[in-house]
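Hi,

Here's the structure I said I'd pass along. Have a look at it first, and then read on for what turned up.

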Amino acid sequence: MSNFLMLIHNENMKIYRRIRTWVMLGIIIVMSILIPYLLSSTGGGASTYYWEGAMLTVSFISFLNTIFAVVIAADSVAGEFSWGTIKLLLIRPWTRSKILASKYVSVLLFSLLTTLLMTGLSLLTCSVLMSTEAVVSQMSGVYTPAGYAFVSWLYEYVDLFITLAIAFMLSTVFRSGALAIGLSLFILFTQGIFGLIFDPDRYFWGKYVLFTNMDLSQYMFGSGNSVMSLGFSIAVLAVYYVLFMGITFYVFHKRDVAA
């Protein structure tokens with residue numbers, strides 16, 4: 001266990017010693033403060049409510065957060081091949097599975113850090129600049145404003161979690177950071193379009209397509225469609241996740257790096 005923690009520590013050092021990582025974190029910090037300020041300025045301060053402003057801020061920054069996390073995930077394995085350091089890594093007395101797992105855990109830790117950073121700063125800044133009075137005590141009789149915000153943020157992180165798994169798999173399989181970033185962002189920005197194309201209400205097999213299950217927010221008020229449920233979508237995402245991770249570890253374990 002201590003060896004695995006050492007591997008995770010080494011991977012984190014690789015991530016945080018790069019200037020681009022701190023630029024990404026700096027952008028998230030600046031945007032988490034700037035957006036609430038702009039909302040409070042244009043909205044007259046008191047007219048913009050705390051949870052409303054926090055949700056708008058996090059929703060905007062979450063796209064940047066996903067892009068930054070995908071960049072880190074895409075470079076995690078592909079970067080070792082690009083720089084030629086993969087051989088030095090694999091000759092160490094650790095199994096390939098542990099090495100790859102440590103990289104993946106480090107990527108997840110980065111995504112958690114940026115998510116908590118943008119959420120925490122957004123809440124803090126909005127509490128200072130905006131009215132803390134709730135717009136309504138309940139939202140459609142289901143959620144309080146705080147409950148609605150945290151559930152929606154949780155669903156957004158699930159989307160990020162699956163997107164990271166895709167980026168990490170592509171980085172490992174194709175050894176190309178650019179391809180992994182490009183395809184992952186393509187999935188991120190087009191999943192809504194493909195969700196409409198493969199509408200489960202029109203095609204029964206559409207409910208098994210990844211794109212139609214990634215947006216869990218469709219179930220927040222019991223909506224969505226007539227053939228799917230929150231539990232079903234979570235199960236489908238779990239199957240895809242296991243498949244992505246299985247492909248990732250299999251390819252990395254079998255890959256010949258002697259050349």
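First, the surface. Val30, Leu34, Tyr37, Leu38, Leu124, Val128 and Leu129 make a nonpolar patch of about 650 Å². Helix 2 and helix 5 each bring at least two residues to the nonpolar patch, with the largest share, 4 residues, coming from helix 2. Tyr37 sits in helix 2, and at 47% relative accessibility Tyr37 counts as partly exposed. Do keep in mind that this is a predicted model.

Next, the pockets. The largest pocket has a volume of about 690 Å³. Its lining takes in 35 residues, and Asp159, Gln191, Met214, Asp215 and Ser217 lie nearest the centre. Helix 3 (50-83), helix 5 (96-129), helix 6 (145-174) and helix 7 (177-197) each supply at least two lining residues, and helix 6 gives the most, with 8 residues. By type, the lining of the largest pocket splits into 16 nonpolar, 14 polar and 5 charged residues.

The second largest pocket comes in at about 430 Å³. It is lined by 22 residues, and Lys14, Arg17, Arg18, Glu80 and Lys103 are the closest to its centre. At least two lining residues come from each of helix 1 (2-16), helix 2 (19-42), helix 3, helix 4 (86-90) and helix 5; helix 3 gives the most, with 6 residues. Here the lining divides into 7 nonpolar, 6 polar and 9 charged residues.

On to the charged pairs: the count comes to 4 salt bridges. In one of them, the side chains of Glu11 and Lys103 meet at 3.0 Å, N to O. Glu11 is in helix 1 and Lys103 in helix 5, so this pair ties together parts that are 92 residues apart in sequence. Which is it for Glu11, buried or exposed? Glu11 counts as buried, because its relative accessibility is 5%, under the 20% cut-off. Lys103, at 1%, also counts as buried. Glu11 and Lys103 are linked with Lys14 in a network of salt bridges.

Asp75 is worth a look too. Its side chain meets that of Arg18 in a salt bridge (2.4 Å, N to O), which links distant parts of the chain: Arg18 is in the loop between helix 1 and helix 2, and Asp75 is in helix 3, 57 residues apart. Arg18 is partly exposed, with a relative accessible area of 28%. Asp75 also forms a salt bridge with Arg20 (2.8 Å, N to O). Arg20 lies in helix 2, so that pair ties together parts 55 residues apart in sequence. At 33% relative accessibility, Arg20 counts as partly exposed.

Cheers

Note on methods. Residues numbered from 1 in each chain as written. Predicted model: local features only at pLDDT ≥ 70, side-chain atom pairs only at ≥ 80, totals over all residues. Heavy atoms only, no water. 1 Å grid on protein atoms, 1.4 Å probe; cavity = no way out; pocket = protein on both sides within 12 Å on 5 of 7 lines; lining within 4 Å. Points joined across faces, edges and corners; volume = space filled by probe spheres on them. Nonpolar A, V, L, I, M, F, W, Y, C, P; charged D, E, K, R; others polar. Patch = residues over 30% accessible without salt bridge, like charges linked within 9 Å, V, L, I, M, F, W, Y side chains within 5 Å. Areas by Shrake-Rupley, 256 points an atom, 1.4 Å probe, with all protein chains shown as cover. Buried < 20%, exposed > 50% of the residue type's maximum accessible area, 1.4 Å probe, protein only.
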